[in-house]
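Thank you all for making the time this morning.

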Amino acid sequence: MVKPLTQDEVDNKTDPSVNKQWDETTPKEEQFKELYKIIDGLKGGLLTTIRPSVGPVSRAMAVAKRVGPDILFLANHHAKKFDDLKNDSTCQVTFQNSSSMDWVSITGEAVTTSNDDPRIKEVYSKGVNAWFGDLGDGVHTGMPEDPRMTLIEVKANYIAYWKSTSSFPGFIKEVAQASMTGQVADTGVNRQLFDKDIQTARESGL
């Protein structure tokens with residue numbers, strides 16, 4: 001439902017499109033469940049690392065597994081992103097559903113492991129080898145035992161996400177109505193989960 005811009009929002013230099021959609025009343029457990037539903041409905045997102053003398057660098061990554069609020073990726077240890085993470089483990093994972101417009105932004109610390117991490121075999125799927133190739137030497141096979149096969153675990157410490165509360169036609173209708181009437185579109189809910197919330201979710205197995 002569209003809402004009017006208020007004088008207080010202008011005086012307080014508030015972004016009305018964000019302010020009107022903040023959700024601070026939904027129980028945290030429900031917020032996490034709806035967050036997971038968005039992530040699990042998508043096959044991949046963007047992993048952003050910090051590169052010296054360049055800044056943020058993003059690349060598409062398939063999610064190997066979500067473990068509560070944390071994300072696991074399989075990756076080639078020879079990739080440049082490992083140099084980035086060795087220099088600065090801070091990273092971000094983002095997701096967006098192009099149909100619903102739902103989006104998720106996870107900020108955290110990346111932990112990389114060696115090839116002997118048993119979780120590699122747990123999350124490996126046959127299609128992964130298409131990105132590694134098989135050298136034919138019995139070692140660099142693109143299989144879980146391939147020494148290039150490495151796990152990146154993004155341990156979340158801050159999560160922000162937006163969830164649509166209307167259908168796509170409803171979204172378009174509301175944006176058009178707001179544009180024509182000078183009001184502000186209110187098409188979903190903005191939520192943020194802080195480190196304390198995330199730690200509680202991990203400890204509770206949520």
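Let me start with a question: does histidine 78 count as buried or exposed? At 62% relative accessibility, histidine 78 counts as exposed, where exposed means over 50% relative accessible area, buried means under 20% and partly exposed lies in between, with a 1.4 Å probe and protein chains only. Histidine 78 is found in the loop between β4 and α4, and its C-alpha atom is separated by 43 Å from that of phenylalanine 171, which is 93 residues apart from it along the chain.

Before going further, a word on how to read these values. This is a predicted model, in which local features need pLDDT of at least 70 and side-chain atom pairs count only at pLDDT 80 or more, while totals for chains, interfaces and linings use all residues. Residues are numbered from 1 along each chain as its sequence is written, and side-chain values use heavy atoms, with hydrogens and water left out.

Now the overall picture. The protein chain has seven helices and eight strands, taken as DSSP runs numbered from the N terminus, helices being H or I of at least four residues and strands being E of at least two. Its C-alpha atoms fill a box of roughly 70 × 35 × 35 Å along the principal axes, and buried residues make up 41% of the 206 residues.

Leaving aside neighbours within four places in sequence, isoleucine 106 is in contact, meaning heavy atoms within 4.5 Å, with residues including Ile39, Ile71, Val93, Phe95 and Tyr158.

Helix α3 (residues 28-40) and helix α7 (residues 195-204) meet at an angle of about 80 degrees, with their axes 11 Å apart, the axes being lines fitted to C-alpha atoms over the stretch in contact and the angles running from 0 to 180 degrees between N-to-C directions. That makes α3 roughly perpendicular to α7, a label that covers 65 to 115 degrees. Lys28, Phe32 and Tyr36 of α3 make the contact with Asp197, Ile198 and Ala201 of α7.

What about the backbone in the loops? Most residues other than glycine have a negative phi. Serine 53, however, has a positive phi of about 70 degrees although it is not a glycine; this serine 53 is found in the loop between β1 (44-51) and β2 (55-62), and at 84% relative accessibility it counts as exposed. Methionine 101, in the loop between β5 and β6, likewise has a positive phi, near 75 degrees, and methionine 101 is partly exposed, with a relative accessible area of 27%.

Finally, glycine 188 lies in strand β8 (residues 188-193) and, at 4% relative accessibility, counts as buried. Not counting residues up to four places away in sequence, glycine 188 touches Gln21, Trp162, Lys163, Ser164 and Thr165.

Notes: Angles under 35 degrees count as roughly parallel, over 145 as roughly antiparallel, 65 to 115 as roughly perpendicular and the rest as oblique.
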